[in-house]
Amino acid sequence: MSEGRSPLRLFAVAAPGLEPLVQGELARLGLVSGEAVPRLAEAGLPVEEQRSPGNRPPDEEGGEETGGVEFDADLAGLYRANLWLRTASRVLLRLGDFYAAAFSELRKKASRLPWEDYLRPGQPVVVRATCHRSKLYHSAGVAERVAGAIGDRLGQPTPLVKADPAAPAPPQQVLVRLVHDHAVISLDTSGELLHRRGYRQAMAKAPLRETLAAGLLLASGWDGAAPLLDPFCGSGTIPIEAALIARHIPPGKRRRFAFMDWPGYSPAVWQAMLDQAAAQECAAPGPILASDRDAGAMDMARSNAERAGVADSLAFACQAFSAMTPPPGPGWLVTNPPYGVRVSAGRDLRNLYSQLGNVLLRLAPGWQAGILCSSDYLIGHTYLHLKPGLRLVNGGIPVTFYMGRVPYPPGAGGRNARRG
Ligand SMILES: C[S@@+](CC[C@H](N)C(=O)[O-])C[C@H]1O[C@@H](n2cnc3c(N)ncnc32)[C@H](O)[C@@H]1O
């Protein structure tokens, strides 16, 4: 990397709904000021349309960045963002942006970018291009010209390859976004998406992305110390993310990142960052309880927690939610029950939600409840009067994180009294 360079322009990509949480995390890392305004998802479609079932979540897989937070940092800040961000999908490095209405102009201007800082001559790249309302509308042609420009700059042709998620060392990925003839060229600094922490190799039905699970925990107001309960834990994503938060363990500590293959990568800076993080790790201050009635899911949750290095911070139980035993005193329930689209499809779940409300009223009055669900109607059956909070997309399905305090029932017959 050239000396005396101005700070790198970075963009932390967030799935729809998670933008303010990514912004909050960057602020806590000291990488943006508290006033930074996150950019909400766009991608050429109104947010409501993006969220409709059947649309691909307008996010990362296709390489089209949507919402997120811009920030400036040096290389160490770029490492830190990748290591610590729990809710971002990936971190992009903005290499340049310019007007380009012809292929020749695109190639010429793209060849002025400092590719030598990040790529070696002849190194294959994936180029993902998207074009909206631009004279250059042929995305494959755009990708080809940008690969050509990289080769021009590095003095050797740059092979353009297809993304292969199964490859052990995925190629560097360049993202080109053309909107109204304005090209923005970015390099992916993360490689595999950030939700792939490396611990979740076993997955039960309808697993939650790790970034979403962390988002629910951060949005719930849980302080990392009070008891936490997930009675529908499946493969354990929520309790494992909770243990990582409670113990100050960085989510990226066990994985590789694309920036580690750049010519200027400093293993010493990275190792110092890991050492500093390890010195801050602590034991989980409060109990984190993970249960599910499915024995196979519980086995997966245990083995995922072991891989994440937090199994000793979790208490596992294979049981129906009705057998939950919240510790006395205040605590948090953060959970993702079936909502009948991917799990229990076609089953009438009103009874499950109604029972959940009853159980919480009986066993966890005064607890904070945060429940991820796709349906106001089902949540209404808990009779807990939870309020809609974060609106997210889970596996292409629009979902809401409902939150509130479990009321103290007026008496043994309190629930019937409320209904009547
Ligand atoms: C949407 S999945 C949870 C996914 C989980 N968050 C993950 O990341 O893997 C819902 C879970 O609820 C469990 N479940 C369904 N009915 C249950 C019940 N009555 N008691 C306990 N668990 C139940 C299912 O076995 C399933 O694992």
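Which residues line the largest cavity? That was what I looked up to begin with, keeping in mind that this is a predicted model.

**Cavities.** I found Arg197, Tyr199, Leu244, Ile249, Pro250, Pro251, Lys253, Arg254 and Ala308 lining the largest cavity. Sorted by type, that lining has six nonpolar residues, three charged ones and no polar ones. The space inside the largest cavity is about 70 Å³. My count of cavities of 30 Å³ or more came to three.

**Two helices.** Next I went to H4 (residues 103-110) and H5 (residues 139-154), which pack at an angle of about 35° with their axes 8 Å apart. I noted their crossing as right-handed. On the H4 side I wrote down Phe103, Leu106, Arg107 and Ala110. They meet residues of H5, including Val142, Arg145, Val146 and Asp152. The residues of this contact split into six nonpolar, two polar and three charged.

**The sheet.** Then I traced an open sheet of seven strands, and its order reads E9-E8-E7-E10-E11-E13-E12, with mixed pairing. E9 (314-318) and E12 (387-394) are the edge strands, each pairing on one side only. On average, neighbouring strands here are turned by 20° against each other, ignoring direction.

What is the bridge partner of Leu372 in E13? I got Phe401.

Last entry: helix H9 (residues 295-308) packs on the sheet and touches E8 (288-292) and E9. The direction of H9 makes about 165° with that of E9.

Terms used: Residues numbered from 1 in each chain as written. Predicted model: local features only at pLDDT ≥ 70, side-chain atom pairs only at ≥ 80, totals over all residues. Heavy atoms only, no water. Axes fitted to C-alpha atoms, helices over the stretch in contact; angles between N-to-C directions. Helix = DSSP H or I, 4+ residues; strand = E, 2+ residues; numbered from the N terminus. Left-handed = near helix turned anticlockwise from the far one by under 90°. Contact = heavy atoms within 4.5 Å. Nonpolar A, V, L, I, M, F, W, Y, C, P; charged D, E, K, R; others polar. 1 Å grid on protein atoms, 1.4 Å probe; cavity = no way out; pocket = protein on both sides within 12 Å on 5 of 7 lines; lining within 4 Å. Points joined across faces, edges and corners; volume = space filled by probe spheres on them. Pairing = 2+ DSSP bridges.
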